[in-house]
Amino acid sequence: MGIGASTQQTELAKPRGRQFFGIEVPFMDYVGLEPVSLSDGLCVTRLNWQPHLTNSRGDAHGGLIMSAMDFTLSTAARAHDPDGLGVLTIDMATQFYAPGRSTLTIEGRCKRRGRSLAFCDGEVRDENGTVVAVSRAVFKLIALNKEAA
């Protein structure tokens, strides 16, 4: 616990046990990201609009959107072996097209996967189908050592 961190903040940061396609991700659980579907090379998640996760204009915060996009694209990168692989984000570029003012659906696609790198892209859409943001990312595939856990 950092200097000045309260017990309440520590309690909020504890994982609540939600599984995100085979892994626990406390931050995604904390911001309310919901896993929707996963197939080889495609991951879909949902982010409900929450007033405490907005910017000064009341729109979904850009950092929140980028975090949800990073998770969703990285899951698409490991979708062919979700229990055996983890990933590290090497590079990610995001462009914002419209404010996020409702529940958002994030779709990530793995466009190409090699032995150690995966190239993904995705988009965020609001409830009306408007594209809010798009991203491209490169991930390093990391074998998970299940015995060490």
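Modeller: Helices are DSSP runs of H or I with at least four residues, strands are runs of E with at least two, and both are numbered from the N terminus. Counted in this way, the protein chain holds three helices and eight strands, arranged from the N terminus on as α-β-β-α-β-β-α-β-β-β-β. The model is predicted: local features need pLDDT of at least 70, side-chain atom pairs count only at pLDDT 80 or more, and totals for chains, interfaces and linings use all residues. Residues are numbered from 1 along each chain as its sequence is written, and side-chain values use heavy atoms, leaving out hydrogens and water.

Colleague: What makes strand 5 and strand 8 a pair?

Modeller: Two strands pair if DSSP finds at least two bridges between them. Strand 5 (residues 85–96) and strand 8 (residues 131–143) have 11 bridges in the antiparallel sense, and therefore they meet the rule. One of the bridges joins threonine 94 to serine 135 of strand 8.

Colleague: How do you know that strand 7 also pairs with strand 8?

Modeller: Strand 7 (residues 117–125) and strand 8 share nine bridges, again antiparallel. Serine 135 in strand 8 stands opposite glycine 122, and valine 131 in strand 8 stands opposite arginine 125. Strand 7 and strand 8 form a hairpin with five residues between them, and glycine 129 in the turn has a positive phi of about 90 degrees.

Colleague: Which strands stand at the edges of the sheet, and why?

Modeller: The sheet is open and has six strands in the order 3-4-6-7-8-5, with antiparallel pairing. Strand 3 (33–39) and strand 5 each have a single partner strand, so one side of each lacks a neighbour in the sheet and both stand at the edges. On average, neighbouring strands of this sheet are turned by 20 degrees against each other, direction ignored.

Colleague: Why is the one aromatic pair called edge-to-face?

Modeller: The structure holds one aromatic pair. Rings pair if their centres lie within 6.5 Å, and planes under 30 degrees apart are stacked, over 60 edge-to-face and the rest tilted. Phenylalanine 20 and phenylalanine 71 have ring centres 5.6 Å apart and planes at 75 degrees, so the pair is edge-to-face. The pair links distant parts of the chain, with phenylalanine 20 in strand 1 (residues 19–20) and phenylalanine 71 in helix 3 (residues 62–77), 51 residues apart.

Colleague: What lines the largest pocket, and how much space lies in it?

Modeller: The largest pocket holds about 190 Å³ of space. A pocket is an open set of points on a 1 Å grid over the protein atoms alone, with protein on both sides within 12 Å along at least five of seven lines, whereas a cavity is a set where a 1.4 Å probe fits but cannot get out; lining residues have an atom within 4 Å of a point. The largest pocket is lined by 14 residues, with Ile23, Val25, Phe71, Ser74 and Val87 nearest its centre. Strand 5 gives the most to this lining, with five residues.

Colleague: Which residues line the largest cavity?

Modeller: Leu47, Asn48, Trp49, Gln50, Leu53, Thr54, Ala60, Leu64, Ser102 and Leu104 line the largest cavity, in which about 50 Å³ of space lies.

Methods. Rings of Phe, Tyr and Trp (its six-membered ring) pair if their centres lie within 6.5 Å; planes under 30 degrees apart count as stacked, over 60 as edge-to-face and the rest as tilted. Grid points are joined across faces, edges and corners, and a volume is the space filled by probe spheres set on the points. Axes are lines fitted to C-alpha atoms, for helices over the stretch in contact, and angles run from 0 to 180 degrees between N-to-C directions.
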